Amino acid sequence: MAHPIDLPAWRDLTVHAGEMAASHMRTLFADDPGRFDRFSLRLGDVLLDYSKNRITGHTMDLLIRLAEQAGLEAARDAMFSGAKINTTEGRAVLHTALRGGGRPEVAAVLDKMGHFAQAVRNGDWRGATGKVITDVVNIGIGGSDLGPVMVSEALRPYHKDGLRVRFVSNVDGTHMAETLKLCDPESTLFIVASKTFTTQETMANAHTAKGWLVDRLGPGAVASHFVALSTNAPAVAAFGIDTDHMFEFWDWVGGRYSLWSAIGLSIAVAIGFNDFRRLLDGAAAMDEHFRSAPLAANMPVVMGLLGVWYNNFMDAHAHAVLPYDQYLHRLPAYLQQLDMESNGKSVARDGSAVSWQTGPIIFGEPGTNGQHAFYQLIHQGTKLIPCDFLAAANTHNPVGEHHTLLLSNFLAQPEALMRGKTLDEVKAENPDLADDLAAHRVFAGNHPTNTLLYKLLDPYTLGMLIALYEHKVFVQGILWDINSFDQWGVELGKQLAKKILPQLTGADQPGAHDCSTAGLINAVKAFQA
Ligand SMILES: O=P(O)(O)OC[C@H]1O[C@](O)(CO)[C@@H](O)[C@@H]1O
C-alpha cells in the first residue's frame with residue numbers, strides 16, 4: 001500500500017487544513033443551526049456529538065476519502081476474518097470473536113467461567129478450611145490488569161455485596177503487602193492473570209501471594225485459593241496451579257484487547273456472569289456497527305478520522321479523555337495502554353521509518369477534578385488538545401443535586417472550549433478593566449471536543465464504549481499504516497532490567513553501562529549499605 005502521505009486525499013487535506021486555519025467554530029455554528037444534527041451519531045443508548053470540531057462537510061468528505069484510499073474497509077474485513085494482520089508476530093487479531101459467538105473453544109471457556117463465577121458467588125467454591133470466598137485478588141499487569149480493573153470499577157453498582165475484588169499489578173512489594181493486609185487467607189482467592197505466564201511483575205507477585213498463603217494454610221491450600229488465566233498451560237502447571245483451574249485463551253487475543261476473554265474472570269466474579277455476558281453483547285453491537293455502517297455514519301471511523309485530522313494536519317500531539325462519570329475513573333489509564341501501546345509506533349507496516357505523526361499522548365482524569373487541575377492549559381495554553389467528554393444522562397447515585405451539577409459542567413466545558421471569550425466580551429463584563437489585564441481573561445476558543453452521552457453506565461453500554469475505542473484505535477493504525485497489535489517498544493527496558501538485577505543484589509560491579517546508570521547502581525547500593 002502507498003504510504004498515507006502519498007495518498008491524494010492526504011494532499012487535499014493538507015491544503016484544506018490551511019483553508020480551515022482562519023475559520024472559528026463560533027462562526028461555523030452561527031452559520032449552520034443544523035450542525036448538531038449533521039455531525040452527531042446515535043447507536044442504541046449512546047450518542048456521539050462531534051459537531052464541536054474544526055470541520056465542515058468538505059472536511060469529513062476528504063477524511064472519508066482518505067479512509068477509502070487507505071483501504072480501511074478491506075483492512076477491517078481482514079481483521080474480522082481472522083487474517084494474520086499482526087505481521088510482526090504472525091498472529092490473527094480476533095478479540096471480536098470473543099464476544100461474537102460462533103467459536104466453540106470460546107463458548108467452552110465462557111461456560112467454564114460462568115460456572116466458576118457462580119460457584120464463588122454462591123459459596124459453593126470455598127477456601128481450604130471451608131470458608132466462603134470474600135476477597136478476590138487479580139494478579140496481573142498491563143492488559144491483564146487495566147481492562148479488568150477499569151471495568152470492575154465502572155460496574156461497581158453491579159457488584160455482589162460482601163465480595164471484594166482487588167487488583168495487584170505493580171512489582172513494588174508495597175502493592176501486594178498493602179493488599180494482603182486487607183485479606184484473610186482462609187477466604188481469599190487469587191486469580192493469576194497472565195497471557196504469557198512469564199511476566200516478571202506478575203510472577204513475582206504470584207509467588208509472594210503463594211508464599212503468604214502457604215505460610216498460613218500449608219501447601220495443600222494452593223488448589224482452592226489459586227486459579228490461572230493464561231495461554232501457557234505448562235507454565236501454569238510449573239507454578240503449581242492445576243490446569244483444571246486454568247481458564248484458557250489464545251494467541252489471537254492481544255493483551256490490551258483481552259478483558260473479553262478469560263482475563264475478564266475477576267469481572268465475571270464481581271458482577272455475575274449474566275452481566276458479564278451483557279458487557280460482551282454491548283461490544284458485539286459496536287462490532288456489528290463498525291463492520292456494517294457506512295464510513296460516514298460509523299462512530300469508530302468518525303472518531304478515528306477526527307483524531308487523524310488534528311494529529312496530522314493541525315499539529316496536535318495529545319488527546320484528553322475526560323469522563324464526567326466517577327465510575328470511569330480508570331478509563332484514561334486503560335485507554336493509555338489501548339491507544340499508546342497500539343499506535344505508539346514509528347515503523348510502517350513495510351518496515352520503513354514513518355515520516356508522519358502516529359499515536360498521540362493520551363491523558364485524562366474524571367471531570368470535574370480535571371477542571372481544577374489541567375484544563376487551564378487546554379483553555380488558554382499554546383497547545384491544541386482535542387478532548388473526549390463522556391457522561392451518563394442518568395446516575396446510579398441520585399444524591400441531592402450532584403448529578404445535575406456534574407452534567408452542567410459536562411455541558412459547559414465543551415461549549416466554553418468551542419466558543420471562547422473575546423476581548424470585547426471581557427470588556428463588556430468588566431468595563432473598567434485595563435487592556436493588559438483584560439488580555440489574561442480572553443479565551444481563544446475553537447478547541448475541538450467530542451461528546452459521548454449515554455443513558456446509564458450499565459454493562460451493555462460499557463461494552464459498547466470500550467469496543468468503540470478499540471475500533472477507533474484500529475482505524476487510526478490503518479490510516480497511519482502501522483501494526484497496532486505488537487509492542488516491541490516494551491522489550492528493551494525488560495532486557496536491561498534483567499542485566500541490572502544481579503548487579504543490585506550481588507557483589508557484581510556494574511559493567512557495560514553508561515556512567516549515569518553505573519553511578520546510580522552504585523548509589524543505590526551505597527544508600528542500602
Ligand atoms: O499478560 P501478560 O503476558 O503477563 O502481559 C502483560 C502485559 O505486558 C505487555 O506485553 C507489555 O506491557 C502487555 O502488552 C501485556 O498486556
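**Exercise 1. Aromatic pairs**

Task: In this predicted model, determine how many aromatic pairs the structure holds, and characterise the pair formed by Phe226 and Phe239.

Solution. The structure holds 20 aromatic pairs. A pair of aromatic rings is described by the distance of the centres and the angle of the planes. For Phe226 and Phe239, the centre-to-centre distance is 6.1 Å and the planes stand at 55 degrees. Planes under 30 degrees apart would count as stacked and those over 60 as edge-to-face, so an angle between these limits is classed as tilted. The Phe226–Phe239 pair is accordingly tilted.

Phe226 belongs to strand β6 and Phe239 to helix α12, so their pairing ties together parts that are 13 residues apart in sequence. Burial is then judged against a limit of under 20% relative accessible area. Phe226 has a value of 1% and is buried; Phe239, at 4%, is buried as well.

**Exercise 2. A second tilted pair**

Task: State the geometry of the pair Phe474 and Phe485, and decide whether Phe474 is buried or exposed.

Solution. The ring centres of Phe474 and Phe485 are 6.3 Å apart, with 40 degrees between the planes, and the pair is tilted. Phe474 lies in helix α21 (residues 459–479), while Phe485 lies in the loop between α21 and α22 (491–505); the two residues are 11 apart, and the pair links distant parts of the chain. The relative accessible area of Phe474 is 3%, which makes this residue buried. Phe485 is likewise buried, at 9%.

**Exercise 3. Charges over rings and a ring cluster**

Task: Identify which charged residue sits over the ring of Phe239, and which residues the ring pairs link into a cluster.

Solution. The charged end of Lys210 is placed over the Phe239 ring, 4.7 Å from its centre. Elsewhere, Arg99 lies over the face of Trp260, at 4.5 Å from the ring centre. The cluster linked by ring pairs consists of Tyr324, Phe363, Phe374, Tyr375, Phe389 and Phe410.

**Exercise 4. The surroundings of β6**

From β6 the chain passes through helix α12 (residues 233–239) to β7, giving a right-handed β-α-β crossover.

**Exercise 5. The open sheet**

Task: Give the strand order of the open sheet of 6 strands, and explain why one side of β1 and of β9 is left without a neighbour.

Solution. The order is β1-β2-β11-β10-β8-β9, with mixed pairing. β1 (40–43) and β9 (361–363) stand at the edges and each has a single partner strand, so one side of each lacks a neighbour in the sheet. From one strand to the next, the twist averages 15 degrees.

Within this order, β10 (residues 387–392) and β11 (residues 449–454) run parallel and are joined by 6 bridges; Cys387 stands opposite Thr449 of β11. Helix α18 (residues 402–419) lies across both strands and runs at about 155 degrees to β10.

Note on methods: Residues numbered from 1 in each chain as written. Predicted model: local features only at pLDDT ≥ 70, side-chain atom pairs only at ≥ 80, totals over all residues. Heavy atoms only, no water. Right-handed = clockwise from strand over helix to strand, strands pointing away. Helix = DSSP H or I, 4+ residues; strand = E, 2+ residues; numbered from the N terminus. Pairing = 2+ DSSP bridges. Axes fitted to C-alpha atoms, helices over the stretch in contact; angles between N-to-C directions. Contact = heavy atoms within 4.5 Å. Phe/Tyr/Trp six-rings, centres within 6.5 Å; stacked < 30°, edge-to-face > 60°. Buried < 20%, exposed > 50% of the residue type's maximum accessible area, 1.4 Å probe, protein only. Lys NZ or Arg CZ within 6 Å of the ring centre and 35° of its normal.
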